[in-house]
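Student: Could we go through this one together, starting with what sort of model it is?
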Amino acid sequence: MTAGAAPARMNLCQRETASCGACCGLYNRRDPGRAAVSAELARRTEALRGLPRTPDAFAAGARRLAVEAAPPLFSSVRVCPLLGFLDAAQTRVGCLAHPAATGGPDLRACGAYDVKTCDGFFCPSFSWLSEEEAEIAERAAGDWHLYGLVVTDVPFLRACLAAVAAAVGARVERRHLDRPPFRAALRRLLDLKTQLAPGSEGLFGAFAPAPDGGEVPRRIDYAAMGRTASAWDEILRCAGADPRSGNDLDRLEAELRRRLDGCVAAFPAPGAAGRLTRR
C-alpha cells in the first residue's frame, strides 16, 4: 500500500472460501434450512442460465421466479430472485445479474434493488467486525449457508468466541483454526444456529422486532421458568432460547455446553483439555 492510501474495505460478501447473500433475503423464508435454501437457489440459477443477457429477459425471468417463490417470512424485507449459485458445484452464492456473473452487462436493476442500492449497501457487520473475526467465521463455518448466518450475527459470533476464550484462558485467534480438530469443534459450536426449532426467531439474532418496525433486545425470563440465569445467557439469547420461540432452554443450554466442551478439548494450547464446570 502506498503512503497515504486508504485501507481496502473488508470483503464479507465474497471471501476466498465463503460467500453471503443475506442482504438479498437469502434466509427470509419459513424454512431457512440448508436443503430448502439450496433448492431455491438452484431453481433460480437454472431458470436464469439460458436467458439472453438483456434487461428485458432478466426482468421477465425475475418476475416469474418471484411469483413462483414461497412467501417470505418477513414481508417488509425484500427477497431478490437474482441471487443464485455462481459455480456448478454450488459452493458459492451471489448475484447472477452482476457483471462478474453475466460476463459484461450489469442487470442488477432487474431484481429487487437498483444498481445504486446494491453498490452502496453494507450490512452492519462491515462496521462491527474485524478482519480477524471475519476470517474466523469464514474458516470455521466451512460453507455459504452457515457462514451467512454467523457473519451477519456479530453478537452471536463474539459471544461464542468469548465463551471459548473464558474456558481456555486464551483469546481465539485465526492461527488456532489451522488445527483441524479445533476448527471442526468451533464449527459445531457455531452450527447451533441451524439446530433451532422450526420457525425460531433466534435465527435472526438477539433482537426481536418492535411494534414500530425497529428492534428490541431479546431477553430470557429465567424467573418465569423458576431458574437462575445461564452462564451463557448471551449466546442463548442470540439463539432465541425462550419458550415462546419454540426452543427448549434446558436442552439448548445442555447442547451448548457439550459443544463448548468440544472446543475446549480441541483448543491448541497447553492446559486446554479440561471440561467446562460452570452451571
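Predicted model: local features only at pLDDT ≥ 70, side-chain atom pairs only at ≥ 80, totals over all residues.

Student: How many residues has the largest nonpolar core?
Tutor: That core has 50 residues, and L12, F182, L186 and L189 have the most contacts inside it; a nonpolar core here is a set of buried Ala, Val, Leu, Ile, Met, Phe, Trp, Tyr and Cys residues joined through side-chain atoms within 4.5 Å.

Student: Which element gives the most to it?
Tutor: Helix α8 does, with nine residues, a helix being a DSSP run of H or I with at least four residues, numbered from the N terminus.

Student: And what does F182 touch?
Tutor: Leaving aside neighbours within four places in sequence, F182 is in contact (heavy atoms within 4.5 Å) with V164, V172, H176, L177, C263, A266, F267 and P268. A second, separate core of 23 residues includes A59, L65, L96 and W144.

Student: Switching to S38, is it buried or exposed?
Tutor: S38 counts as buried because its relative accessibility is 18%, and buried means under 20% relative accessible area with a 1.4 Å probe, protein chains only.

Student: Where does its side chain reach?
Tutor: From its place in helix α1, residues 34-49, the side chain of S38 reaches the backbone oxygen of R34 at 2.8 Å.

Definitions and conventions: Residues numbered from 1 in each chain as written. Heavy atoms only, no water. Helix = DSSP H or I, 4+ residues; strand = E, 2+ residues; numbered from the N terminus. Polar contact = N/O pair within 3.5 Å; in protein donor to acceptor, adjacent residues only side chain to side chain.
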